[in-house]
Amino acid sequence: MKKKVLAAGLTVAMCLSMAAPAMADIQIAFSQIGQESDWRTANTDSINGTIEAHEGWELIYDDAQQKQENQIKALRNFITQGVDYILFTGVVSTGWEEVLAEVNEAEIPLILIDRLPDCIDDIDYVAAFGGDFVEEGRRQVAWAGEYLKSVGRGEEEVNVVIMEGTTGASAQTGRTEGNLAALEEYPNMKLVGQQTGNFTRAEGQAVMESWLKSIDKIDVLIAQNDDMALGAIDAIKAAGLEPGKDIIIVGCDSVKAAFEAIVAGEMNATIECTPLYGPFVEETIEALENGEEMSKEVIHPEEGVYDMEGGIDLGTVTSVAAADVIDERIY
Ligand code: GZL
């Protein structure tokens with residue numbers, strides 16, 4: 001009897017082992033902020049798609065719905081699971097010291113992407129990659145200033161509103177720093193409004209609706225991402241005004257919907273901030289798996305500026321007409 005049971009046991013074990021999926025060599029955990037914008041969706045798709053397509057890699061993914069407490073919980077779960085790598089972008093830039101110290105104590109390699117934590121100099125990380133938010137903010141205002149000059153309005157006093165991203169996010173604080181510094185270079189541009197739209201289209205529309213009721217004349221909107229710019233366009237049209245003409249609109253991210261709005265004449269420019277981090281993540285983890293050291297230098301990708309006609313010189317970059325490149329855009 002015993003032999004039969006043993007044989008049956010072995011048969012079952014063999015079937016199970018044949019049916020079981022191949023064990024991953026490494027587990028890569030990703031603490032993502034949420035799904036607040038087209039940029040974020042493209043960022044998630046790029047990273048998750050790259051990891052899931054890589055032989056032997058397993059993705060452990062968490063969407064924090066833009067809540068810091070959810071990210072902290074996710075990071076602690078990753079530690080408990082004993083993952084091999086952690087990818088992290090913080091919804092805001094403060095409040096990460098304790099949990100990132102726990103990641104360091106667990107000796108799990110930490111890859112910082114996108115919105116970097118203020119405590120970056122006090123933690124161990126193996127690589128860091130993301131947009132140069134201050135430069136992106138500078139480019140937004142400089143584009144508007146140069147454009148006004150190009151159409152003979154360089155001396156005209158114009159009213160500017162800045163629609164900020166999520167309060168306390170490094171993308172918001174950085175872009176605002178760049179926005180305000182660049183405004184110093186264009187004394188004809190007067191700041192008459194500054195409010196967060198939380199990087200979402202719905203909140204961008206609501207903020208623009210309230211500004212159109214409370215501010216006599218708005219000439220330029222600087223929106224710190226394209227989703228808020230697109231929401232503002234909806235509000236401007238509902239108020240009977242022509243977006244892109246009555247109000248000059250400069251976004252950030254360079255998502256496809258912004259190219260479409262520019263080609264339609266409803267938006268004037270967008271400053272690129274690429275979300276396509278998948279290749280960087282793959283190269284970094286492959287290098288680390290091969291025992292290579294990565295530089296601690298924060299890597300900023302090359303980024304462009306896209307507008308209606310091209311040719312606006314911003315010093316570090318010259319704009320390109322959206323219509324000329326819209327067909328090759330992949331996000
Ligand atoms: C920028 C990123 C910002 C985008 C927004 O790297 O953190 O968050 O500009 C997104 O669209 O919501």
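Seven aromatic pairs are present in the structure, a ring pair being defined by centres of Phe, Tyr or Trp (its six-membered ring) within 6.5 Å, with planes under 30 degrees apart classed as stacked, over 60 as edge-to-face and the rest as tilted. The coordinates are those of a predicted model, in which local features need pLDDT of at least 70 and side-chain atom pairs count only at pLDDT 80 or more, while totals for chains, interfaces and linings use all residues. Residues are numbered from 1 along each chain as its sequence is written, and side-chain values use heavy atoms, with hydrogens and water left out.

The rings of tryptophan 39 and tyrosine 277 have centres 5.8 Å apart and planes at 85 degrees, so this pair is edge-to-face. The two residues come from distant parts of the chain, 238 residues apart: tryptophan 39 belongs to helix H2, and tyrosine 277 to the loop between strand E10 (269-272) and helix H10 (278-289). Helices (H or I, at least four residues) and strands (E, at least two) are DSSP runs numbered from the N terminus. Tryptophan 39 is buried at a relative accessible area of 4%, and tyrosine 277 is buried at 0%; buried denotes under 20% relative accessible area, exposed over 50%, and partly exposed the range in between (1.4 Å probe, protein chains only).

A stacked pair is formed by phenylalanine 129 and phenylalanine 280, with 4.2 Å from centre to centre and 20 degrees between the planes. This pair likewise links distant parts of the chain, 151 residues apart, with phenylalanine 129 in strand E5 (residues 127-129) and phenylalanine 280 in helix H10. Phenylalanine 129 is buried, its relative accessible area being 8%, and phenylalanine 280 is buried at 8%. Trp39, Phe129, Tyr277 and Phe280 are joined by ring pairs into a cluster.

Charged groups also lie over aromatic rings, the criterion being NZ of Lys or CZ of Arg within 6 Å of the ring centre and within 35 degrees of the ring normal. The charged end of lysine 296 is placed over the ring of tyrosine 125, at 5.8 Å from its centre. Arginine 329 lies over the face of tyrosine 306, 5.0 Å from the ring centre.

Six strands make up an open sheet in the order E2-E1-E3-E4-E5-E11, with parallel pairing. Strands are taken as paired if DSSP finds at least two bridges between them; strand E1 (residues 26-32) and E2 pair in the parallel sense over seven bridges. Within this pairing, alanine 29 stands opposite isoleucine 60 in E2. Alanine 24, in the loop between helix H1 (2-19) and E1, is partly exposed at a relative accessible area of 32%. Its C-alpha lies 4.6 Å from that of glycine 56, although alanine 24 and glycine 56 are 32 residues apart in sequence.

No disulfides are found in a search of the whole structure, a disulfide being a pair of cysteine sulfur atoms within 2.5 Å. For cysteine 273, the nearest cysteine sulfur is that of cysteine 252, 5.7 Å away. Cysteine 273 is buried at 1% relative accessibility, and cysteine 119 is buried at 3%.
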